[in-house]
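Hi everyone, thanks for coming. Let's take a look at this one together, and then I'll walk you through a few of its features.

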Amino acid sequence: MMVIDKLAYSSSLRYKSPMLKSAFSVGSLLICVGARSFIVSVIILAVMAGLTVLSSKISILRYLKLMFIPFGFMVLSTIAIVVNITDWPMDLVSVPIGNKFLAISSYSLTEGARLVAVALASVSCLYFLTLTTSMLDILSVLKKLRCPKIMMELMMLIYRYIFVILDMAVAITTSQNCRLGNKDFMTELRSIGQMLAVLLIRSLKKSSLLFDSMESRCYDGEINVLSEHYPAQKRETIGVAGFLVSMLAIAVLL
Amino acid sequence: MKKNKRIIFTVSLAIALIFGSAGTASAMHIMEGFLPLNHCLVWGAVCIPFLIIGISSIRKIVERNRKTLLILVMVGAYAFVLSALKIPSVTGSSSHPTGTGLGAMLFGPTAMCVIGIIVLLFQAILLAHGGLTTLGANTFSMAIAGPFVAYGIYVVCNKLHAPKAVAVFLAASISNLFTYCVTAFQLALAHPAEIGGFRASFVEFLGIFAVTQMPLAIIEGLLAVIVIKGLEAYAKPELTALRYFEGGAI
């Protein structure tokens, strides 16, 4: 279920500076979304996909599968953008329905294609960050960017407890399935509802246990942990800066 | 003959792929890169006041009672897991609930706002649902608009002395539908149609997403009723502990 998290920990770029990786991926993301140009998107998509596949040693097929996660949303909304409902036919395709037309114009088609390119390139930027940087490293970047302390605290603990609760949920679902809790649609709905209720009760119990154990270790509203420091090498910084500047130049000039 | 067969096979495979995957990921997260940069910035700015109010009130409460921070942590982790689990859907595939309605009824809408933005960030990073640039827009639709509507409906229904099950069902399903309307609105604003502009594309987005969202909203309503009933049966004390959030404290 948490494939992305697992892959992040086994990436060969894991011990590179998280600040540099974030700057690289978020910078390219912003250029890509801001420029909305076909060429920039294709270059960024190629670079990001190449780097991600090589560094995390996953097969291209697996990477494509990950790229397919937001596919449903993309297909549906691109259809809405490409296809127009109009009173008169348009230049590319027109299908009459009643007294209206479902029509595609060459403008809307290129617009849709460009949007898909930008969206895929943006997703590849996001994947570069999430498949090479563990959640805790991303949080350390947010901390350096002066994210409010209480948010940091919440995020750190929530991340920790996602896995605990997920484990509980999976165990309950498995035991429900063993007892034919998914035999038809209504039964499945009822089992999932019951599972969610029990899950909430157990999580609240866990939180009170957690409070007791932290209180007994002198918790005063702040968790201080040592973070590992991975400095960026000069070569890498120059490479990233060069890439971002050249992308920006292409976006501005074209 | 052979070539024809191959073409038919490829086309049917493509159709199966499109419709098969369209059913699985129909939670209403706007994907990364789908909104222009200025829209991203504006939606982000809209969320900031809610976030500031939420953070300052959480800070106040945590000063008074430190245990509430850990309850909020569990709420956040629970909300994330809720959105990561698959619920059965009528099309045979599965889909993800938004969970915002349920969260708002249990913990109050302002707490859901701060928790919501964290959960959405985690969803983008860990599950690739939504994205970093669209975080503002998604926060507005799923962590602000949805919870406030759900909470409003729930309170009004209780004032009218409607049966609890009806109140919960209406709050959860209407907030799901409202979330999807807001998302369609955001998309139409960003991508107005060539002819007819914003209104035409708003109708189009509404129509297309209705196919997946209508059944989902009803399922989410039913699910919320089952969860609340279960909680009332087994966890009265825990629920009263949560009233702490509901009583306007956050």
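Let's start with a pair of strands: in chain A, β1 and β3 (residues 100-104) run antiparallel to each other, joined over 3 bridges. Strands here are DSSP runs of E with at least two residues, and helices are runs of H or I with at least four, numbered from the N terminus; two strands pair if DSSP finds at least two bridges between them. Within this pair, A:Ile85 sits opposite A:Leu102 of β3(A).

Before going on, please keep in mind that the model is predicted, with local features needing pLDDT of at least 70 and side-chain atom pairs pLDDT 80 or more, while totals for chains, interfaces and linings use all residues. Residues are numbered from 1 along each chain as its sequence is written, and chains are lettered from A and ligands numbered from 1 in the order in which they are written.

Back to our strands. They belong to an open, antiparallel sheet of 3 strands in chain A, ordered β1-β3-β2. Because β1 (84-86) and β2 (93-97) of chain A each have a single partner strand, they form the edges, and one side of each lacks a neighbour in the sheet.

Now, how do the chains meet? The contact takes 73 residues from chain A and 67 from chain B, where contact means C-beta atoms, placed from the backbone, within 7 Å. On chain B, the elements supplying at least two residues each include α1 (2-24), α2 (37-64) and α8 (197-234).

Note on methods
Contact = placed C-beta atoms within 7 Å.
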